[in-house]
Amino acid sequence: MPNAIGELPTTGTPLTPLCVSPLPKIKVYNGGERQVTPDDIARFESKIALEGECWAWTGTRSANGYGKFSFRDTKISAHRFAYIVTRDGIPDGLVVDHLCRNRACSNPAHLEAVTQEENVRRGDAAQAGRPQAARREADAVIRSLYGRLA
């Protein structure tokens, strides 16, 4: 049964007290599964820096800012790892969304499983007022008028 995510520690090892028991297996790209161990959790925690309420990932990041955790011969997004070990998996058909809009955050209290469509909608709403969002809107208008980008 998943743990209730409530008051989160601000010092020490933040993830361990929130992990489900027993630790879950994580599906990997080749179709297999890998068992999470306490050593994996400790290694994960060593890459977290507490920044306000966010748990900033200090390890490798993807080009678009998501934390990448090396887990048993594969890479997994840090926020997905945090979600899986604290909630015993991600429901089929859902993705993990950052409620704080901080892609580097791995705080399980800031993560929610949602549909891809909802994740995109929330991301677009967060981009409102930013140049990228304005460009997307302009591109959409051009496409609607001309059927293609100029």
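Tutor: What follows begins with the chain as a whole and then turns to the cysteines. This is a predicted model, in which local features need pLDDT of at least 70 and side-chain atom pairs count only at pLDDT 80 or more, while totals for chains, interfaces and linings use all residues. Residues are numbered from 1 along each chain as its sequence is written, and side-chain values use heavy atoms, with hydrogens and water left out.

The protein chain has four helices and eight strands, taken as DSSP runs (helices are H or I of at least four residues, strands are E of at least two) and numbered from the N terminus. Along the sequence these elements follow the pattern β-β-α-β-β-β-β-α-β-β-α-α. Of the 150 residues in the protein chain, 36% count as buried, where buried means under 20% relative accessible area, exposed over 50%, and partly exposed in between, with a 1.4 Å probe and protein chains only.

Now to the cysteines. A disulfide is a covalent bond between the sulfur atoms of two cysteines, and here the term is applied to a pair of cysteine sulfur atoms within 2.5 Å. A search of the whole structure finds zero disulfides. Cys54 is in no disulfide, and its nearest cysteine sulfur, that of Cys105, lies 3.8 Å away. Cys105 is likewise in no disulfide, the sulfur of Cys54 being its nearest cysteine sulfur. Cys54 counts as buried because its relative accessibility is 14%, and Cys105 counts as buried because its relative accessibility is 1%.
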